[in-house]
Amino acid sequence: MSASTRLLLACLSLVSLIGCSEPQRDSTIRSRGFVYCGQDTPTTFNPQLIDGGLTADTLAAQIFDRLLMLDPVSHQPLPSLARSWTISDDGLAYTFKLRKGIEFQTTEWFKPTRRFNAQDVVFSFQRIINPKHPFHAVSGGRYPWFESQGFSDLIDHIEMDDSHTVTFVLTRPDNAFLSNLATSYAVIHSQEFAQRLLKAGQLQQLDMKPIGTGPFYLAQYLPDDLIRLNRHWGYWQGAAPMEQVVFDISARGTGTLAKLLSKECDVLSSPVASQLPVISNSEEFELMAQTGMNVAFVALNNDKVVMQDSRVRQAINLAINRDNLLNSVYYGTGTKAKSILPPMSWAYNHGSQALDYDPQRARALLEEAGYADDLILTMWVPIEPRPYNPSPRKTAELIQADLKTVGVRLIILAQESVSRFSSTSASNSDMQLTGWIADNGDPDNFFRPLLSCSAKAAGLNVANWCDLSFDNLLELASRTTQLEQRVNYYHLVQDILDEQVPVIPLAHGVHFQVHHQSLGGLQMSPFGTRSFASVYRSE
């Protein structure tokens, strides 16, 4: 059966499911808001505590603001809660002038008595970097994204110069610092709300009942069912047109595409590639695409003896047919990856000598390493589609077949989507199928969180690989003010990865999003979902 025939049958099956499903939408939602489908149940509403998922990718942009935001085209930092900033001549002091008159959200559990000021900025970051802070150990006391960046070692101290001026003093120059403050993890909480919770002994409520300055506030949360956000009337950039946004996080029914077609959902995030023909053929929906700053890759667990042999790592890389993956998983929408850094990055090494598909050489390397037809490996595979990998299970099965041709038996350990940071089963496997969506446009945002020694200590370097030469080059690149020199350092970083192969880059995916044609104002970004503050309905 041809691939096109299989695709047609799959599409017909989906359409038949729609006929069996009755819309279960609340009509008031459609008239006053919209329903968003496509992601999982969050464990927290504080993106500081996680390394991805619904909270960081989508909810954070609705509930919170940051000091800075990223231009989706130039990838450069822009003003947000901070209206301007200056940098000292030695590159160690960053002083931010904050906007005045910005209101925090009013909810059933909190009514603010003051507006946003420097105390909120200091509180939000002191919690992360100060182990003695009363909120530092709350909700587990781990800040994986910041730990992978070495953020606590980077910040010497934070000064509140006046009510609307804050200075961050660094221990060393860091060219990526401004971009990092613009990520979805660097959100600003209400210090006044935190103080009230501290007095009441309810510190964990800060992370489950968040208070921010964003365009929407959390109104209702039913685990494995829905999340309801209501409009923040006092939003500093003007109240959003939509009264509410409902996130459908339930697993019941016929699936997200069926819900979209039956009008139970208005927006579907990250439809899989095989669903695109059904969507494209319907005049009711608009399909949006964004070339993503992302990468799908296989991490090779260097804590395992077999993976400590570079010949084995190189052999696995040579055995994987990326062209087959692009055709069978991405349906031609992805780009073959030769580096974890996407080709659109200004630091991408176009002259990379990365190893490509060569099963004969792969078998020879395995025999040289002492593994001839008797190597059994395990690979942890999440089942949730992501923009960088629209079908992880199918990807794993194709890799399994590729490895079988070179004498390696691969056992797939399929798991529900979990954080890399907390996955015991993943850390015990020989390999992990995973990926990364950049938080900003700086190359450091790919290399440091994924492969640095500090990321290994934080539990986010899933390859468990630590190379001091690699880290030293990252440090040099972060300190120099010469762009050409930074590019040279990052090229050397990629040379090390080509030689050592701690991870196997597979593909760079296109992020798709589909919505009902009556919705306007939805915007996409290479770094995740943007604010819904401008979304409106035209009918």
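The questions and answers that follow concern a predicted model and set its computed values against the cut-offs that give each label.

Q: What makes Val 408 count as buried?
A: The relative accessible area of Val 408 is 4%, and the label buried applies under 20%, so Val 408 is called buried. Val 408 is found in strand 16, residues 408-415, and, leaving aside neighbours within four places in sequence, Val 408 is in contact with Leu 366, Leu 375, Leu 377 and Leu 403. For one of these, Leu 366, which is 42 residues apart from Val 408 along the chain, the C-alpha atoms of the pair are separated by 9.1 Å.

Q: Why is Tyr 331 called partly exposed?
A: Partly exposed covers the range between the buried limit of 20% and the exposed limit of 50%, and because the relative accessible area of Tyr 331 is 34%, that is the class which applies. Tyr 331 is found in the loop between helix 13 (322-328) and strand 14 (335-336), and has a positive phi of about 50° although it is not a glycine.

Q: Which label, buried or exposed, does His 75 receive, and why?
A: His 75 has a relative accessible area of 13%, and since buried means under 20%, His 75 is classed as buried. This residue, His 75, lies in the loop between strand 2 (68-70) and strand 3 (77-79), and its phi is near 65°, a positive value in a residue other than glycine.

Q: What makes strand 10 a paired strand, and in which sense does it pair with strand 1 and with strand 9?
A: Pairing requires at least two bridges. Strand 1 (residues 33-37) and strand 10 share 5 bridges in the parallel sense, with Val 246 as the bridge partner of Val 35, whereas strand 9 (residues 226-231) and strand 10 share 5 bridges in the antiparallel sense, with Val 245 as the bridge partner of Leu 229. Both pairings therefore meet the requirement.

Q: Why are strand 4 and strand 6 said to stand at the edges of their sheet?
A: The open sheet of 4 strands has the order 4-5-7-6, with antiparallel pairing. Strand 4 (82-87) and strand 6 (155-162) each have a single partner strand, so one side of each is left without a neighbour in the sheet. Neighbouring strands of this sheet are turned by 20° against each other on average, direction ignored.

Q: How is the packing of helix 17 with helix 19 described?
A: Helix 17 (residues 444-451) and helix 19 (residues 468-479) pack at an angle of about 145°, with their axes 11 Å apart, and the crossing is left-handed. Among the residues that meet there are Phe 447 and Leu 451 in helix 17 and Phe 470 and Leu 474 in helix 19. By class, this contact has 4 nonpolar, 1 polar and 4 charged residues.

Note on methods. Residues are numbered from 1 along each chain as its sequence is written. This is a predicted model: local features need pLDDT of at least 70, side-chain atom pairs count only at pLDDT 80 or more; totals for chains, interfaces and linings use all residues. Side-chain values use heavy atoms; hydrogens and water are left out. Helices (H or I, at least four residues) and strands (E, at least two) are DSSP runs, numbered from the N terminus. Axes are lines fitted to C-alpha atoms, for helices over the stretch in contact, and angles run from 0 to 180 degrees between N-to-C directions. A crossing is left-handed if the near helix is turned anticlockwise from the far one by less than a right angle, and right-handed if clockwise. Contact means heavy atoms within 4.5 Å. Ala, Val, Leu, Ile, Met, Phe, Trp, Tyr, Cys and Pro count as nonpolar, Asp, Glu, Lys and Arg as charged, and the others, Gly among them, as polar. Buried means under 20% relative accessible area, exposed over 50%, partly exposed in between (1.4 Å probe, protein chains only).
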